Amino acid sequence: AAQMKDEDKLYKREGILYSSILSPPETLDKLQELEAREDDLILVAYPKCGFNWMLSVLSKILNASTGKNEIQLERLPLVEFLPPDVQEKLAEMPPRRLLGTHLHPNNIPPSFFTKKPKILVVFRNPKDTLVSYYHFMNKNPVLPNAGPWDKFFSDFMAGEVAWGSYFDHALAWEKRLDDPNVMIVTYEELKQNLSEGVKNISGFFSLPLTDEQVSSIAGESTFSAMLENSQKSHGNTGSIFFRKGEVGDWKNHFSDAQSKQMDELFQAKLAGTNLGARLKY
Ligand code: A3P
């Protein structure tokens, strides 16, 4: 990845940018055949909305509730990163599988909807998501450098970033909000009350927990606890998935004009929707 030129790191497929290295066309083609199971745990998030946070929470819930300790968390990437031969091996994985993706609902494996596994969707307010994405691109060798802030701002607004438009994703999931197999949590709500989030998620996936288990998982899943744990296990400054972990960092990045521009787009796309009302920033 380090040798690849920035302009070659992303390619476009049906109007959406993807990583050339991790999600080449053959991987995305093959993904259409992935067979979901009804008892799979599916985790979906637009990039930088808190995917790795919820992946950790979900695997802790699964381990605590089943009394097993099998989930190799760090090794569980997004399904769109699995080469075709690895995708085939998913069929041999014992239940309950934990599968993740950043893909738009139109592009996730169709069986994710027909087999009706439970799908947990994580969203975050678009301003903080943009800021987080900007910093991530500058740290992740697989993605091109974000370029100057103003350029990245317009790329994000136009959906010209890997995995496509934040707003298209939000609108598409908003339409599925009442689907009994879909639960949406927001970064902001989780920051406000993580125990409540853990409890709701465990109930949604029918993975019962005691009150003690709920509070210990919440305690182990705060930003500082997870960062410390990652530093301990990796012996470095932690993974690139930890940065600030706060709500409202956009105020340190957006100009007034940019904030207004985002508000207008948000208003045009998501105002009046249930999801929109939950993405306060
Ligand atoms: P910031 O860049 O704003 O700090 P993803 O996992 O979807 O890539 O999202 C990454 C974002 O989630 C980063 O946001 C990261 O710091 C934040 N994050 C990671 N672990 C977290 C935690 N335990 N609590 C709150 N935020 C967390």
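Begin by selecting α5 (126-139) and α6 (149-158), two helices whose axes come within 10 Å and cross at roughly 125°; axes here are lines fitted to C-alpha atoms, for helices over the stretch in contact, and angles run from 0 to 180 degrees between N-to-C directions. The names of the elements come from DSSP runs, with helices (H or I, at least four residues) and strands (E, at least two) numbered from the N terminus. The angle makes α5 oblique to α6, where under 35 degrees counts as roughly parallel, over 145 as roughly antiparallel, 65 to 115 as roughly perpendicular and the rest as oblique.

Now show the side chains between these two helices: Leu-130, Tyr-133 and Tyr-134 of α5 meet Trp-149, Phe-152, Phe-153 and Phe-156 of α6, a contact being counted if the C-beta atoms of two residues, placed from the backbone, lie within 7 Å. By class this contact has 7 nonpolar, no polar and no charged residues, with Ala, Val, Leu, Ile, Met, Phe, Trp, Tyr, Cys and Pro counted as nonpolar, Asp, Glu, Lys and Arg as charged, and the others, Gly among them, as polar.

Before going further, keep in mind that this is a predicted model, in which local features need pLDDT of at least 70 and side-chain atom pairs count only at pLDDT 80 or more, while totals for chains, interfaces and linings use all residues. Residues are numbered from 1 along each chain as its sequence is written. The protein averages a pLDDT of 94, and 96% of the residues score at least 70, pLDDT being the predictor's confidence in each residue, from 0 to 100. For the complex, the predictor gives an ipTM of 0.99 and a pTM of 0.96.

Next, select α2 together with α9, which pack at an angle of about 60° with their axes 10 Å apart, an angle that makes α2 oblique to α9. On the α2 side, look for Val-57, Leu-58, Ile-61 and Ser-65, and on the α9 side for Val-198, Ile-201 and Ser-202. The residues of this contact of α2 with α9 divide into 5 nonpolar, 2 polar and no charged.

Then turn to the ligand, which 21 residues surround, the closest being Phe-51, Asn-52, Ser-132, Arg-243 and Gly-245; a residue counts as near if its C-beta atom, placed from the backbone, lies within 6 Å. The elements that give two or more residues to this shell are α2 (51-66), α5 (126-139) and α11 (223-234). Colour the shell by class and you will find 9 nonpolar, 7 polar and 5 charged residues.

Finish with two details of the backbone. Most residues other than glycine have a negative phi, and most peptide bonds are trans. Select Pro-95 and Arg-96, where the peptide bond from the one to the other is cis, with omega near -10°; Arg-96 lies in the loop between α3 (84-89) and β4 (98-101). Last, go to Trp-163, in the loop between α6 (149-158) and α7 (166-174), where phi is near 75°, a positive value in a residue other than glycine.
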